[in-house]
Amino acid sequence: MRLASSSALAWLAASRQSEIAGLQQLLQAGRLTGEISQLIHVLQRERGASNIWLCSQGQLFGDELPQRGRDVGRSLQSVLALLPPLPAADSPRAGNSRLFSRIAAALCALEALDALRQSVRLLAVSHATAMSTFNNAIGQLLNLVFEMVDTASDPGVSRALLAMFSFMHAKELAGQERAIGSAGFAAGEFTPAQSQQMVALIEAQERCFSYFEQFADANSLQCWHGLGGAEGEMERLRRIACTGSRPDRQGAAMALHWYQRLTRRIDGLKTVEDQLAVALMQRCRQSIAEAGAPLSAAELQLRVPQAQAAPAFSLVLAGETWQGAQQAPLEAGGLTPKLGRSVLELIQQQSKRLQDQDDQLAAMRASIEERKQVDRAKLLLMRLQGYSEDRAFQTLRKMAMNQNKRIGEIAAALLAVAPAFGEEQG
């Protein structure tokens, strides 16, 4: 039975090694998420500068545009360096189709910015088109981050990724709020559509911040709470934008005033985002250490000498040394009684830890899936009823309140009947 014992221990070690390899991939995903966070931030800064340049009809921020583009280029190179290598044509990687698709979409959206920069510089593009192109590039990068959230295999890392994604999403919505507000203040008034957009963006930010607070670590929450709420002047400007009131000042000067206030807020959000990136990397390294700790504590070492025809291994466990081909007496399972009990305990600990991880991941997946269902239900209402995104969400929320159910349950029920309207769930 020595061969069976050797096989069991080898598979136990393989389980540990596979787990650690998966966590190493998550560590790489964490590094990539951090660099994507920085790329999105410099893209937001370039969008802001382009926004004011267009709103002021070429009067403001002209000197900043080239530098903002160079910042994006440098940050993009850092992201590209961390992307997973392309698989060989004859050996594609199983299970990476969605990730590779997200990468392709993000790179395609980023390439579209090259032509946009020239048009912005020449004032040859509308404000709405320019902002939509920037928004799409940032949105595709956020989709890539969410793909990594959705496929994370460790509950602690998954929580950290979800907290960071939610905060990144909220920060992006704040950037869009800045852009729409700048356009409205530059024009001297807000159209009803712009005011509705402002309301929707502010409410969406609050939802994302709520997700963030649900999953964030203590240090990131402390950093977030240290920022405080929106300052009084910003709230006053928001009320003007959301109600369609005429501002006390008009034109480029008022747009710049709004831009500076919102930029101050977004830069503050970036400090929290940076702390989330630190927490994510710490969580990745901690999970790797925890996965390796049982092997280290037990000092389990498997060696298969190449020179011997018969399989043999050396095991150092709980302070006892045993040579598989030499030590005696053995139990029927091929181990001494003390070592047999120790190995069984190690296997049981491994099984329990993996089961605990599965249970936590199941709960995390349920939260992620509910969020995805709500988004799909909103899109369905937008297609069928012509609703805006905000009205679609408010409709779902009202239905949930009227039926005393969670909004996720309402979304799932709506998607269940989608085929009756000729809609496929995606």
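How many helices and strands does the secondary structure of the chain come to? The chain has 12 helices and two strands, where helices (H or I, at least four residues) and strands (E, at least two) are DSSP runs numbered from the N terminus. This is a predicted model, in which local features need pLDDT of at least 70 and side-chain atom pairs count only at pLDDT 80 or more, while totals for chains, interfaces and linings use all residues. Residues are numbered from 1 along each chain as its sequence is written, and side-chain values use heavy atoms, with hydrogens and water left out.

**Overall fold**
- From the N terminus, the elements run α-α-α-α-α-α-α-α-α-β-β-α-α-α.
- Of the 426 residues in the chain, 47% are buried (under 20% relative accessible area, 1.4 Å probe, protein chains only).
- Among contacts (heavy atoms within 4.5 Å) between residues at least 6 apart in sequence, 73% join residues at least 24 apart.

**Largest pocket**
- The largest pocket has a volume of about 1600 Å³; a pocket is an open set of points on a 1 Å grid over the protein atoms alone, where a 1.4 Å probe fits, with protein on both sides within 12 Å along at least five of seven lines.
- Its lining (residues with an atom within 4 Å of a point) comprises 45 residues, of which His169, Arg371, Asp375, Lys378 and Glu389 are the closest to the centre.
- Helix 6 (192-215) is among the helices that each supply at least two lining residues, and it gives the most, with 12.
- Others that supply at least two include helix 5 (155-187) and helix 10 (337-385).

Conventions. Grid points are joined across faces, edges and corners, and a volume is the space filled by probe spheres set on the points. Buried means under 20% relative accessible area, exposed over 50%, partly exposed in between (1.4 Å probe, protein chains only).
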